[in-house]
Amino acid sequence: MTAIVSPEAVVGTTIAFSYILFGNAITQSFMGVPALLVDFPKPSAPGHAERARLLGRQWPVFWAVGNVFFRPISTLGIFGYGYTAWAARAALPGTTRLGDWRWYAVAAACHLVTVVHSAVNMQPINEKIDALSATDDKTKTHGKVEARLAESYARNWISYNTVRLITPVVAGSLALWQTLKSAGI
């Protein structure tokens with residue numbers, strides 16, 4: 001049996017995807033979201049409700065990038081590293097030695113953790129921040145979202161996004177190390 005698609009090409013592309021995800025997580029966690037919080041007023045300040053609504057109106061841009069661009073890349077990471085693990089395990093003819101398949105499987109698991117974490121832990125925070133755009137001035141709430149917690153929601157998002165910073169860099173580094181090691185570099 002020969003590989004339909006070159007595992008070397010797949011792993012190279014998937015490593016690039018991992019580092020793209022890593023770079024985006026750095027950008028969002030250390031530049032994008034913190035920029036939205038610069039001079040964020042205290043909950044008791046007169047301009048707080050307006051600023052919380054502004055945060056809610058700005059949030060769809062961050063959310064869209066995650067859903068439209070990075071979710072598919074994370075998913076491709078699972079399949080790319082999974083395919084490479086399978087090809088390395090099967091030692092398909094016509095492919096160069098890929099090394100220990102288990103490292104690619106760990107890299108695939110890292111991307112799986114990223115996807116599950118995004119769905120389970122990040123999605124509820126995204127929804128809360130997004131709901132701030134419709135916060136009522138009188139009650140300062142919109143459903144279960146409290147405008148006084150707007151900054152806290154964003155800071156929690158930054159904290160939770162750390163997982164999406166760590167897992168792709170671990171996946172990419174493990175796969176790159178294994179690929180270079182098996183190539184004798």
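1. Salt bridges, overall. In this predicted model, there are three salt bridges. The pairs are D100 with R102, E146 with R148, and E151 with R155.

2. D100 and R102. The closest N and O atoms of this salt bridge are 3.0 Å apart. D100 has a relative accessible area of 23% and is partly exposed. R102 is partly exposed as well, with a relative accessible area of 48%. Buried means under 20% and exposed over 50%, so D100 at 23% is partly exposed, and so is R102 at 48%.

3. E146 and R148. Here the side chains meet with an N to O distance of 2.8 Å.

4. E151 and R155. The N to O distance in this salt bridge is 2.9 Å. Both residues belong to helix 4, which covers residues 150–182. What is the spacing of E151 and R155 in helix 4? They are four residues apart, about one turn of the helix. E151 counts as partly exposed at 24% relative accessibility, and R155 also counts as partly exposed, at 44%.

5. Nonpolar patch. I20, V61, V65, V68 and F69 make a nonpolar surface patch of about 440 Å². Which helix gives the largest share of the nonpolar patch? Helix 2 does, with four residues. One of the patch residues is V68, which is found in helix 2. Is V68 buried or exposed? Its relative accessibility is 65%, so V68 counts as exposed. Membership of a patch requires over 30% relative accessible area, and V68 has 65%.

6. Backbone at D39. D39 is not a glycine, yet its phi is positive, at about 55°. Where is D39 found? It is in the loop between helix 1 (7–36) and helix 2 (48–90). With a relative accessible area of 69%, D39 is exposed. A reader checking backbone angles will find the positive phi of D39 in that loop.

7. Points to look at in the structure. For the salt bridges, the pairs to display are D100 with R102, R148 with E146, and E151 with R155 in helix 4. For the surface, display I20, V61, V65, V68 and F69 together as the nonpolar patch. For the backbone, display D39 along with the loop between helix 1 and helix 2.

Methods:
Residues numbered from 1 in each chain as written. Predicted model: local features only at pLDDT ≥ 70, side-chain atom pairs only at ≥ 80, totals over all residues. Heavy atoms only, no water. Helix = DSSP H or I, 4+ residues; strand = E, 2+ residues; numbered from the N terminus. Buried < 20%, exposed > 50% of the residue type's maximum accessible area, 1.4 Å probe, protein only. Salt bridge = Lys/Arg side-chain N within 4 Å of Asp/Glu carboxyl O. Patch = residues over 30% accessible without salt bridge, like charges linked within 9 Å, V, L, I, M, F, W, Y side chains within 5 Å. Areas by Shrake-Rupley, 256 points an atom, 1.4 Å probe, with all protein chains shown as cover.
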